[in-house]
Amino acid sequence: MIGLPAGTRVWIAAGVTDMRCCFNGLAAKVETVLAEDPFSGHVFVFRGRRGHIIKLLWWSGDGPCAGIQVLR
């Protein structure tokens, strides 16, 4: 389990995202669509077209992290 620091925001991107995007692609979406800094330490959540896959993007201070969760 990831412990988030106090003040961390969780951003949920509306709409669908191409799940083939890597960290750089998702970070570019955060900058252009949400007008936020992907290196801010906040958590950004993206969902796939069918809604059964989500990707989490965050900056841990040590480097970029991306997680994938498949929902059943």
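Buried means under 20% relative accessible area, exposed means over 50%, and partly exposed lies in between, with a 1.4 Å probe and protein chains only. By that rule Gly 48 is buried, at 6% relative accessibility. This is a predicted model, in which local features need pLDDT of at least 70, side-chain atom pairs count only at pLDDT 80 or more, and totals for chains, interfaces and linings use all residues. Residues are numbered from 1 along each chain as its sequence is written, and side-chain values use heavy atoms, with hydrogens and water left out. Helices (H or I, at least four residues) and strands (E, at least two) are DSSP runs, numbered from the N terminus.

**Nonpolar core**

- A nonpolar core is a set of buried Ala, Val, Leu, Ile, Met, Phe, Trp, Tyr and Cys residues joined through side-chain atoms within 4.5 Å.
- The largest such core has ten residues: Ala 13, Met 19, Cys 21, Phe 23, Leu 26, Ala 27, Val 30, Phe 44, Phe 46 and Leu 57.
- Two elements, α1 (23-32) and β2 (43-47), each give two or more residues to this core.
- The largest share, four residues, comes from α1.
- In soluble globular proteins, nonpolar side chains tend to be buried together.

**Helix α1**

- Which residues of α1 are buried? They are Phe 23, Leu 26, Ala 27 and Val 30.
- Seen down the axis of α1, these buried residues fall within an arc of 100 degrees, so they line one face of the helix. The arc is taken from the directions from the helix axis to the C-beta atoms.
- An α-helix has 3.6 residues a turn, so residues three or four places apart point the same way.
- On the other side of α1, Asn 24 and Thr 32 are exposed.
- The cover over the buried residues of α1 includes β2, β3 and β4 (64-70).

- Contact means heavy atoms within 4.5 Å.
- Leaving aside neighbours within four places in sequence, Phe 44 contacts Trp 11, Val 30, Leu 34, Glu 36, Asp 37, Pro 38, Lys 55, Leu 56 and Leu 57.
- Trp 58 sits in strand β3 (residues 53-59). Trp 58 is buried, with a relative accessible area of 15%.
- Trp 58 and Phe 44 are 14 residues apart in sequence, and their C-alpha atoms are 6.4 Å apart.

**Loops**

- Thr 17 lies in the loop between β1 and α1. Is Thr 17 buried or exposed? Thr 17 is buried, at a relative accessible area of 10%.
- Not counting residues up to four places away in sequence, Thr 17 touches Leu 26, Lys 29, Phe 46, Arg 47, Gly 48 and Arg 49.
- Gly 48 belongs to the loop between β2 and β3. With residues up to four places away in sequence set aside, Gly 48 touches Val 16, Thr 17, Met 19 and Ile 53.
- Gly 48 and Ala 14 are 34 residues apart along the chain, with 11 Å between their C-alpha atoms.
- Arg 50 is also placed in the loop between β2 and β3, but Arg 50 is exposed, at 70% relative accessibility.
- Arg 50 and Ile 68 are 18 residues apart in sequence and 14 Å apart in space, C-alpha to C-alpha.
- Ala 35 is in the loop between α1 and β2. Phi of Ala 35 is near 55 degrees, a positive value in a residue other than glycine. Ala 35 is exposed, at 61% relative accessibility.

**Segment before β1**

- Arg 9 lies in the segment before β1. Apart from residues up to four places away in sequence, Arg 9 touches His 42 and Val 43.
- The C-alpha atoms of Arg 9 and Gly 41 are 8.3 Å apart, and the two residues are separated by 32 residues along the chain.

**Surface and charge**

- A salt bridge is a side-chain nitrogen of Lys or Arg within 4 Å of a carboxyl oxygen of Asp or Glu. The count by this rule is one salt bridge.
- The side chains of Arg 20 and Asp 18 meet in a salt bridge, at 3.0 Å from N to O.
- Arg 20 is exposed, with a relative accessible area of 72%. Asp 18 is partly exposed, at 35%.
- Patches are made of residues with over 30% relative accessible area and no salt bridge; like charges are joined within 9 Å, and nonpolar side chains (Val, Leu, Ile, Met, Phe, Trp, Tyr) within 5 Å. Accessible areas come from the Shrake-Rupley method with a 1.4 Å probe, and for residues only the protein chains shown count as cover.
- Leu 4, Val 10 and Ile 12 make a nonpolar surface patch of about 310 Å².
- Val 10 is in strand β1 (residues 10-12). Val 10 is exposed, at 51% relative accessibility.
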